Amino acid sequence: MGSREEMKLFRQKIHNVVDKYTYNSNDYSVLEKFPINKKQCIYVAHWAHKGMVYEKNLTKLTGYKLNEFSPEDLVAYTHPEDRQIVKDITKGVVEHVINTPIVDKEPHLFIYFRFLKKDGTYCKLLRQSSVFERDEKGRMVSNFSLLTDITFLDTPDRVEWDVHANELDSEAFKKSVYKAYENYFTKREKEIIKLIESNNTSETIAKKLFLSPHTVTTHRKNILKKAKTHSQEDLINFCKKNGILH
């Protein structure tokens with residue numbers, strides 16, 4: 001099953017739940033006054049209505065019209081290397097906030113990824129999402145998202161994310177996301193990453209793993225290439241954040 005079909009089924013599943021909620025609709029006109037610049041757009045995804053119901057500056061930023069920008073479209077337009085993790089994080093957060101009453105802090109998702117615009121070029125987008133409408137128990141009915149084109153920033157070509165949500169079981173959520181990285185590195189590469197974490201040199205790693213220094217150097221180059229980084233520090237941070245190192 002492709003990502004688009006999977007997300008379409010997911011959207012229907014969420015709709016079947018949220019459609020039973022009792023809620024009062026917000027006035028979308030308040031979003032007209034929301035300040036954005038030419039590298040930003042906003043949209044509202046309404047899970048009871050099964051799709052996107054509002055946008056501002058979407059076409060100018062991405063080239064797509066509202067009817068070309070469903071939740072499954074958003075995932076389908078994501079770069080193939082980023083798609084799995086973006087899909088898993090999106091599904092995990094949505095399922096949490098439609099089932100968990102919001103008591104104190106609003107839940108927020110921050111994620112940046114590579115996105116295919118309608119003109120066929122890729123850009124890097126930062127997506128900041130939060131709850132827009134709730135039901136009478138405080139569960140999410142719709143979410144508000146701000147997209148910002150951050151292509152001009154010198155950031156790695158990989159997904160970066162963070163989520164803050166009341167009563168979210170962070171460890172359980174992260175484990176579900178980590179599955180996307182289970183086979184990101186080979187068993188040998190993971191052994192070398194663990195030794196790199198302990199500040200071992202290539203020569204020391206070679207001795208410990210009974211490899212030639214040249215082989216270790218080749219592995220290190222491949223590891224950095226896969227992680228889309230040039231520094232050891234960034235590599236370790238990437239591995240810890242995505243469950244490759246615990």
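Mentor: Let's look at helix 6, residues 187-197, whose buried residues are E189, I192, I193, L195 and I196. Buried here means under 20% relative accessible area, with exposed being over 50% and partly exposed in between (1.4 Å probe, protein chains only). Seen down the axis of helix 6, those buried residues fall within an arc of 165°, so they line one face of the helix. That arc is taken over the directions from the helix axis to the C-beta atoms. Helices are DSSP runs of H or I with at least four residues, strands are runs of E with at least two, and both are numbered from the N terminus.

A word on the source: this is a predicted model, in which local features need pLDDT of at least 70 and side-chain atom pairs count only at pLDDT 80 or more, while totals for chains, interfaces and linings use all residues. Residues are numbered from 1 along each chain as its sequence is written, and side-chain values use heavy atoms, with hydrogens and water left out.

Now, what covers that face? The cover over the buried residues of helix 6 includes helix 7 (202-209), helix 8 (213-227) and helix 9 (232-241). Contact means heavy atoms within 4.5 Å. After helix 6 comes N199, which has a positive phi, near 65°.

Next along is helix 7, where S202, I205, A206 and L209 are the buried residues. Viewed down the axis of helix 7, they fall within an arc of 100°, so they too line one face of their helix.

Of its 246 residues, 49% count as buried. Among the contacts with a separation of 6 or more, 65% are between residues 24 or more positions apart.

Q40 has a relative accessible area of 13%, so Q40 counts as buried. Leaving aside residues up to four places away in sequence, Q40 touches P35, N57, L61, L146, L147 and T148.
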